[in-house]
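Thank you all for coming; I would like to take a few minutes to walk through one model with you. Please have a look at it first, and then we can go through it together.

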Amino acid sequence: MNQAWRTAISATLHCLTGCAIGEVLGMVIGTAFGWSTLPTVIISIALAFLFGYSLTIRPVLLAGVSLAAAIPVAFAADTVSITVMEIVDNTIVVTIPGAMNAGLANWLFWASLVLSLAIAFVVTVPVNKWLIGRGKGHAVVHQYHHAGHEEHQGHAH
């Protein structure tokens, strides 16, 4: 596997982490409160973007960039990736019969969520590879990740 695919997989795993945290939290909140599908999906998407952007902003801030400068970097790095992932995973969860109404104690709820995120990951990897190959997406934030890790490691000693 070449470096471009490894970078795309790494970027997509990063995106998946934020999306999964937000998606699971949103689905749990909506299901726990007995919300219908639409408000549950809306809160899941909002939280996926919030956590996705937050996970990107952190290393940029650690690299010494101001919050005002880090926010546009996160938007440039993750908006397309999170959008694709959210469209795919929410479409899958909503179309699995009974998944949205299964309840938190039901295996169908959790299995559909895991399946939807796994498929969203597979679909989003080539999108991220394409973006990174054009200097967009996670390529925008990549320089800050390295600077943040080096600075962080320097302070740890």
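Which helix gives the largest share of the nonpolar patch? Before I answer, please keep in mind that this is a predicted model, in which local features need pLDDT of at least 70 and side-chain atom pairs count only at pLDDT 80 or more, while totals for chains, interfaces and linings use all residues. Residues are numbered from 1 along each chain as its sequence is written, and side-chain values use heavy atoms, with hydrogens and water left out.

The answer is helix α3, residues 67-95, which supplies three residues of the patch; helices here are DSSP runs of H or I with at least four residues, numbered from the N terminus. The patch itself covers about 330 Å² of surface and is made by Leu61, Leu67, Ile71 and Phe75.

Ile71 lies in helix α3, and it counts as partly exposed because its relative accessibility is 31%, where buried means under 20%, exposed over 50%, and partly exposed in between, with a 1.4 Å probe and protein chains only.

Turning to the other helices, the axes of α1 (residues 3-32) and α2 (residues 37-62) come within 7 Å and cross at roughly 150°, with axes being lines fitted to C-alpha atoms over the stretch in contact and angles running from 0 to 180 degrees between N-to-C directions.

Within helix α1 we find Leu25, which is partly exposed because its relative accessibility is 36%. Leu25 and Thr40 are 15 residues apart in sequence, and their C-alpha atoms are 9.9 Å apart in space.

Technical notes. Patch = residues over 30% accessible without salt bridge, like charges linked within 9 Å, V, L, I, M, F, W, Y side chains within 5 Å. Areas by Shrake-Rupley, 256 points an atom, 1.4 Å probe, with all protein chains shown as cover. Salt bridge = Lys/Arg side-chain N within 4 Å of Asp/Glu carboxyl O. Helix = DSSP H or I, 4+ residues; strand = E, 2+ residues; numbered from the N terminus.
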